[in-house]
Amino acid sequence: MLEILAITTPIFLIIGMGYIAMLLGIVNREQMQGIGNFVMYFALPALVIRALTQNPLEDVFNFEYLLAYGVGSVMVFSLALCLAVFIQKKSLQTGAIFALGMSASNSAFTGYPVAAMVLGPPAVTFLALSMIIENLLIIPAALILAEMGQQSGGGLVRTVKQTATRLVKNPILMAISIGVAIAIVEIDLPGPVTKAIDMVANAAGPTALFVIGGAIYGLHVRGVVLDVSQIVVGKLIIHPLAIALAFFILPTTDPLLLVGAILFAAAPMASIYPLLGQRYGMAEVAAGALMAATLASFVTFSVVIGLITYLGLLS
C-alpha cells in the first residue's frame, strides 16, 4: 500500500498545488489557461516528437494497442449513448456528451503523468496511441452526434468539415505527423534542438497536473448528482474494465500494453469536457463530472495500481 501511495501521492500533491494557487489568487483563470496552452501546444508535442524520433516506429505504432483500446472505448461510448438516449430518453446531444465523458480520457494532463510514474519511458508511447483513438475516433464521433441532435439538413456535412478542420490543427496530431516524418526520413536533429525538445518535454507531466488542479477550482455540482455519478462511474470503472475485456478478447503477448491501456482508461475525462458540455447545454453536469472524477481518481488510481501489482502485470 505504501508503494502505491508513493506513486499516487506526488501526483495529487501537484494537483493540489494548482488548486491552492487559484484559491490564494497566485494565478488567475487566464494565467492558468496560458499554462495549459503551453502544455498542449509545446510540452506535449515535444514529448510526442521525442518518443517518435528516439524509438523505432514499429515499437511506437502498436496495432494491438490501437485495436484493443479503440474497441474498448467504442464499446463504452456505444453503451453510454444507448443508455442515455434509448433507456433514459435523453436528447441525442445530451447522450453524445454523456458518451464522450465516459469514453475519452484526460490522457495528456492526467493519464500520462500517472503512467509515467508507474511505467517510466513507455508511457509516452501509450500517450500517443491513446490520443490517436481519442482525437480521431471518440471526440469526432461525439461532436458529430451532438450537432446532429441540434441541427437538421446540412448540419451533419458542416459538422464533419468543421471537425476535420479542427483535427488538422490539433497540436498533438501535428506532433505525431512531424515525428513520423522525421523518423521515416531518418533525420538526425542537431544537438541543441534535441536538448530543447528534451527540456520542454520534461515539463509536460508536472505542469499538466498543476493545470488540472487549477481547472477544478470553483467547479460545483448543483442538482445534477445522478447524472454526474453516472458519468464518473462510467469513466473511472466501466471504461478501464471495457479496455481490459477488449485486451482479453484480442489477446496480446505483452502485458505492458494492457497495463498502459488500463492506466490511461482509468484517468478522468478530457479537460475540454466542460467546454463541450457548455456548448450543448450541459455545463454544470460536465464541470461537476470533471471535478468529481478528478477527486475520485485518487482512490481509483490507487486501486488500479494495486490490482496491477497484485496480479503481477508489472515486472
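The buried residues of helix H13 are covered by elements that include helix H4 (63-87), H6, helix H7 (122-150), helix H12 (225-249) and helix H15 (283-310). The model described here is a predicted one. Of the 11 residues of H13, 9 are buried, so this helix is largely enclosed by the rest of the structure. The buried positions are Leu257, Leu258, Val259, Gly260, Ala261, Ile262, Leu263, Phe264 and Ala265.

**Packing of H6 and H13**

Two packed helices are described by the angle between their axes and the distance between the axes. For helix H6 (residues 107-119) and helix H13 (residues 255-265), the angle is about 140 degrees and the axes lie 9 Å apart. Angles over 145 degrees would count as roughly antiparallel and those from 65 to 115 as roughly perpendicular; H6 and H13 are therefore oblique to each other. Their crossing is right-handed. On the H6 side, the contact is formed by Ser107, Gly111, Tyr112, Ala115, Val118 and Leu119, and on the H13 side by Leu256, Val259, Gly260, Leu263 and Phe264. Sorted by class, this contact comprises 8 nonpolar and 3 polar residues, with no charged residues.

Because 10 of the 13 residues are buried, H11 is largely enclosed by the rest of the structure. The buried residues are Ala204, Gly205, Thr207, Ala208, Leu209, Val211, Ile212, Gly213, Gly214 and Ile216.

H11 is followed by Gly218, which has a positive phi, near 85 degrees. Gly218 belongs to the loop between H11 and H12. The C-alpha atoms of Gly218 and Tyr19 are separated by 9.2 Å, although these residues are 199 residues apart along the chain.

**Two residues and their accessibility**

Ser297 is located in helix H15, one of the elements that cover the buried residues of H13. Leaving aside residues up to four places away in sequence, Ser297 touches Phe12, Leu236, Pro268 and Ser302.

| Residue | Relative accessibility | Class |
|---|---|---|
| Ser297 | 1% | buried |
| Gly218 | 40% | partly exposed |

Buried means under 20% relative accessible area, and exposed means over 50%. At 1%, Ser297 therefore counts as buried, whereas Gly218, at 40%, counts as partly exposed.

Terms used: Residues are numbered from 1 along each chain as its sequence is written. This is a predicted model: local features need pLDDT of at least 70, side-chain atom pairs count only at pLDDT 80 or more; totals for chains, interfaces and linings use all residues. Side-chain values use heavy atoms; hydrogens and water are left out. Axes are lines fitted to C-alpha atoms, for helices over the stretch in contact, and angles run from 0 to 180 degrees between N-to-C directions. Helices (H or I, at least four residues) and strands (E, at least two) are DSSP runs, numbered from the N terminus. Angles under 35 degrees count as roughly parallel, over 145 as roughly antiparallel, 65 to 115 as roughly perpendicular and the rest as oblique. A crossing is left-handed if the near helix is turned anticlockwise from the far one by less than a right angle, and right-handed if clockwise. Contact means heavy atoms within 4.5 Å. Ala, Val, Leu, Ile, Met, Phe, Trp, Tyr, Cys and Pro count as nonpolar, Asp, Glu, Lys and Arg as charged, and the others, Gly among them, as polar. Buried means under 20% relative accessible area, exposed over 50%, partly exposed in between (1.4 Å probe, protein chains only).
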